[in-house]
Amino acid sequence: DGLRGLAALLVLIHHAYIQVWNIFDGAHPPGLANSLTRWMIYGHFAVSVFIVLSGFCLMLPIVRGDGTLRGGAALFFRKRARRILPPYYSALLVSIVVARLAPRIHIAVTPSGIVTHLLLVHNLSPAHVGGINGALWSIAVEWQIYFLFPLLVWAWRRAGGLSTVVAATTAAYGVSYFARPTPFAGLTPHYVALFAFGMLGSAIAFAPNQPWRGWRERLPWRAILTGLVASLLAWCHWLGWERALGAAQTVTDFGVGLGAMALLIAASPAQANGIRRALSWKPLVVLGAFAYSLYLVHLPLLLVAWQYGVRPLRLPSLAAFALLLLGVGPCIVGAAWLFHLVCERPFLSPATERNARFGRRAGV
């Protein structure tokens with residue numbers, strides 16, 4: 001939950017940053033602030049972390065149980081639909097209403113766009129993927145990955161976990177390569193590999209049997225994490241953000257996925273360590289309990305605040321960013337919490353609702 005909250009906060013910071021400095025037009029903060037805020041450009045990393053987290057959490061009951069998907073695929077899909085779709089459709093409605101009431105934010109709402117969003121296939125259309133609510137594209141991607149999860153669990157049981165992850169990664173990156181010049185690139189197939197990394201991390205962190213237990217106990221996961229983070233930073237510095245998140249995005253996401261997996265493994269032992277303590281910081285854990293709601297509604301609210309509140313003040317860019325992030329940001333977090341209470345929490349399972357209410361996930 002702490003990592004989920006941190007990732008959602010990074011997305012909010014990133015979108016606030018690009019409202020003030022449109023990096024796609026070459027804008028950047030003045031002077032030293034440019035170097036100090038450079039990390040805010042990489043908000044896309046949070047989406048990769050969410051995908052790894054999803055695979056990690058969904059695999060937990062399987063590696064702790066008998067290795068099967070209890071209740072079968074049909075029950076799994078029903079539970080995922082109940083968990084994901086009601087808040088998503090509520091956020092879609094909120095975004096449409098905001099777009100109609102606030103024309104200055106220039107959000108395109110068309111009948112075909114609404115239909116593709118309702119069917120969660122808007123990521124396949126360049127005309128609609130950024131429409132209505134630009135953050136919702138990743139929800140479509142994750143929803144589509146869910147349909148592969150029962151197959152991955154079946155392969156895991158038949159061929160073994162490592163073989164399944166290697167095969168899924170090879171297939172995902174192969175499809176990603178050949179899909180690049182087609183509309184199917186919007187599926188971002190390489191995210192299937194990141195999802196599989198999360199499954200692998202779950203097995204290494206919690207499976208009681210070999211070889212997972214040996215990997216968990218013998219490998220220096222904090223050192224591995226440090227090496228992966230250092231390599232990722234060097235890669236992004238060498239390429240620059242345009243290439244790291246552009247032509248080389250699939251490679252960059254590969255490194256982010258491995259880093260997120262190593263982070264989850266390093267933070268999982270019951271013994272206290274610095275990583276675990278940092279991610280267990282109460283404000284982050286509480287934020288993580290409604291991070292899905294924050295992700296769903298933050299962007300249209302941020303756009304309204306920028307276009308109608310902050311931008312007309314014509315403040316210097318640093319002052320405008322500070323006001324948007326430190327003044328408007330907490331208000332958006334509060335609005336997301338209210339949205340969570342109304343549109344998300346009623347659809348949580350009893351156990352998940354208890355964990356969300358107390359800002360913690362039992363046993364992890």
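This is a predicted model: local features need pLDDT of at least 70, side-chain atom pairs count only at pLDDT 80 or more; totals for chains, interfaces and linings use all residues.
1. Tyr89, Val115, Leu118, Leu119 and Val121 together make a nonpolar patch of about 410 Å². One of these, valine 121, sits in the loop that runs between helix 5 (111–118) and helix 6 (137–146). Its relative accessibility is 32%, so valine 121 counts as partly exposed.

2. Now for the charged pairs: the whole structure contains three salt bridges. Arginine 83 pairs with glutamate 344, with 2.8 Å between the closest N and O atoms. This bridge joins distant parts of the chain, since arginine 83 belongs to helix 4 (residues 72–101) and glutamate 344 to helix 17 (residues 317–344), 261 residues apart. Glutamate 344 is buried because its relative accessible area is 1%.

3. Another salt bridge brings together the side chains of aspartate 1 and arginine 4, at 2.7 Å from N to O. Both aspartate 1 and arginine 4 are buried.

4. The glutamate 217–arginine 213 salt bridge has an N to O distance of 3.2 Å. Both residues are in helix 10 (residues 212–218), four residues apart, or about one turn of the helix. Glutamate 217 is exposed, at 54% relative accessible area, while arginine 213 is partly exposed at 41%.

5. A histidine to look at: histidine 14, in helix 1 (residues 2–20). With 11% relative accessibility, histidine 14 is buried. Beyond its neighbours within four places in sequence, histidine 14 contacts Met40, Ile41, Tyr42 and Gly43.

6. Finally, the cysteines. You will find zero disulfides here. Cysteine 57 is partly exposed at 24% relative accessibility, whereas cysteine 236 is buried at 7%.

Methods
Residues are numbered from 1 along each chain as its sequence is written. Side-chain values use heavy atoms; hydrogens and water are left out. A disulfide is a pair of cysteine sulfur atoms within 2.5 Å. Buried means under 20% relative accessible area, exposed over 50%, partly exposed in between (1.4 Å probe, protein chains only). Helices (H or I, at least four residues) and strands (E, at least two) are DSSP runs, numbered from the N terminus. Contact means heavy atoms within 4.5 Å. Patches are made of residues with over 30% relative accessible area and no salt bridge: like charges are joined within 9 Å, nonpolar side chains (Val, Leu, Ile, Met, Phe, Trp, Tyr) within 5 Å. Accessible areas come from the Shrake-Rupley method with a 1.4 Å probe; for residues, only the protein chains shown count as cover. A salt bridge is a side-chain nitrogen of Lys or Arg within 4 Å of a carboxyl oxygen of Asp or Glu.
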